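Me: I have a model open and would like to learn how to read it. Where do I begin?

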Amino acid sequence: MCTYQPGRPTKYNPTTGSGTKPPAKPGEYRIRDSSGVIIYIGETNDLARRMAEHIRSGKLPVGPNAGTFEFQIADGRSTSRTRREHERKKIAEHQPELNKSKGGEGRPAGR
């Protein structure tokens with residue numbers, strides 16, 4: 001089963017408001033720093049909430065050194081388990097500096 005549609009993630013810059021705001025839906029996300037390097041990859045059951053949490057924690061930089069939040073909405077047939085497997089693969093592929101683990105340890109979503 002395919003967890004995400006093929007293609008590039010949707011981008012959003014919370015400082016300028018440019019791009020498409022993430023919805024309150026499950027999916028994978030990436031945080032890029034101002035130079036375009038992926039610094040964090042995650043999976044969540046609410047992309048909008050998770051972006052706000054990362055802004056509050058400082059993991060997603062805003063202001064002069066603004067980062068971008070990139071996301072892909074999960075296929076409606078995906079499960080928390082399949083999304084976490086995908087997250088682990090992307091973390092292994094990109095090795096972002098702020099990921100403390102190899103991914104997939106979060107609390108299970110509703111399904």
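Reply: We go from the overall fold to one helix and then to the aromatic rings. Keep in mind that this is a predicted model.

Me: What pattern does the protein follow along the sequence?

Reply: The order is β-β-β-β-α-β-α, which comes to two helices and five strands. Of the 111 residues, 40% count as buried. Among contacts between residues at least 6 apart in sequence, 63% join residues at least 24 apart.

Me: How many Å should helix α2 span?

Reply: Count 1.5 Å a residue: the 15 residues of α2, 80–94, should span 21 Å, and the end C-alpha atoms are 21 Å apart, which agrees. After the helix comes Gln95, with a positive phi near 45°.

Me: Which residues of α2 are buried?

Reply: The general idea first: an α-helix has 3.6 residues a turn, so residues three or four places apart point the same way. In α2 the buried residues are Ser80, Thr82, Arg83, Arg84, His86, Glu87, Lys90 and Ile91. Their cover includes β3 (27–32) and β4 (38–44).

Me: How many aromatic pairs are found in the whole structure?

Reply: The search finds three. In one of them, Tyr29 and Phe69, the ring centres are 5.2 Å apart and the planes lie at 15°; planes under 30 degrees apart count as stacked, so this pair is stacked. Tyr29 sits in β3 and Phe69 in β5 (residues 68–73), 40 residues apart, so the pair links distant parts of the chain.

Me: Are these two residues buried or exposed?

Reply: Tyr29 is buried, at 1% relative accessible area, and Phe69 is buried at 0%.

Conventions:
Residues numbered from 1 in each chain as written. Predicted model: local features only at pLDDT ≥ 70, side-chain atom pairs only at ≥ 80, totals over all residues. Heavy atoms only, no water. Helix = DSSP H or I, 4+ residues; strand = E, 2+ residues; numbered from the N terminus. Expected span 1.5 Å × (residues − 1). Buried < 20%, exposed > 50% of the residue type's maximum accessible area, 1.4 Å probe, protein only. Contact = heavy atoms within 4.5 Å. Phe/Tyr/Trp six-rings, centres within 6.5 Å; stacked < 30°, edge-to-face > 60°.
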